[in-house]
Amino acid sequence: MAIHTVHATHIGNVRSVNEDLSWVGRIKPGGYTLGIVADGMGGHLAGDTASRLTVETMVADLGGLEPGLSIEACEAALSDAILHANEVVYRKGESDIRYHNMGTTVVAVLLSGTDGVIGHIGDSRAYQVTSSGLERLTDDHTLVNELLKSGQITPKEAGSHPRRNVLTRALGTDAEVKVDLRRIRLNPGEALVLCSDGLSNFVAEAEMLRTVLKPGAALDDRAHKLVRMALSSGGDDNITVALFENGRAGQDAATKEWVQ
């Protein structure tokens, strides 16, 4: 079965620059599906430069993958691409004062057929959507998440914590960084969501599940609906989402993009 894809981004209701960047596509001749969401930080010029350099580096590194790689080789390739992007962004920040201390989150998937690997740094997220529910596949690298896991704050307090946007790990801010990796499989009818925190902070997971599973809705319509929900809930950040679905009947397999 084919993997259907769409990605969408919106500047939001408040920001003057969209520091998010996403990329989704097929890698030829290898036949892989690659998806990336990066949420830059550092202000005008710096944040969007960090996300752009990350996406460009990863697409260039992974664009020539040979067909038939094992899942172990795919995992290594994705990790290497993210680490190379970290090096590129870090060096740029060190060499030009305009970009000093810039960085970005990244969440990416590399699929070989319906098996694949998630790579992740920061608080952009990946979710797997099945008929039985929504599973978060990534663990936020944030101060608030560390406080939550240690029992110092409650989930309710985490949602409104004044330092909820403070990252404990980002791409490009340090010479070395650790990449979290997780293997996945998309069974028939299942979907994968990659998103920046401009979506996950404003759309409840229950609403995300209902929207992605909506019967009869085209994949791009569901992506647009998620973005509109984030906008109507405040939308004070850039909003980006990429959806991947294993072969729902009645769709074509084209990769679609929506930017506003």
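Visitor: In which loop is Pro29 found?

Guide: This is a predicted model, in which local features need pLDDT of at least 70, side-chain atom pairs count only at pLDDT 80 or more, and totals for chains, interfaces and linings use all residues. Residues are numbered from 1 along each chain as its sequence is written, and side-chain values use heavy atoms, with hydrogens and water left out. Helices (H or I, at least four residues) and strands (E, at least two) are DSSP runs, numbered from the N terminus. In those terms, Pro29, which a cis peptide bond joins to Lys28 with omega of about 5 degrees, lies in the loop between strand 2 (20–27) and strand 3.

Visitor: At what angle do helix 1 and helix 2 pack?

Guide: Axes are lines fitted to C-alpha atoms, for helices over the stretch in contact, and angles run from 0 to 180 degrees between N-to-C directions. Angles under 35 degrees count as roughly parallel, over 145 as roughly antiparallel, 65 to 115 as roughly perpendicular and the rest as oblique, and helix 1 and helix 2 are therefore oblique to each other. With their axes 8 Å apart, helix 1 (residues 46–62) and helix 2 (residues 71–95) pack at about 140 degrees.

Visitor: Which residues is His84 in contact with, leaving aside its neighbours within four places in sequence?

Guide: His84 has its place in helix 2, and at 31% relative accessibility it counts as partly exposed, where buried means under 20% relative accessible area, exposed over 50%, and partly exposed in between (1.4 Å probe, protein chains only). The C-alpha atoms of His84 and Met58, 26 residues apart along the chain, are separated by 7.7 Å. With contact meaning heavy atoms within 4.5 Å, and those sequence neighbours left aside, the partners of His84 are Thr57 and Asp61.
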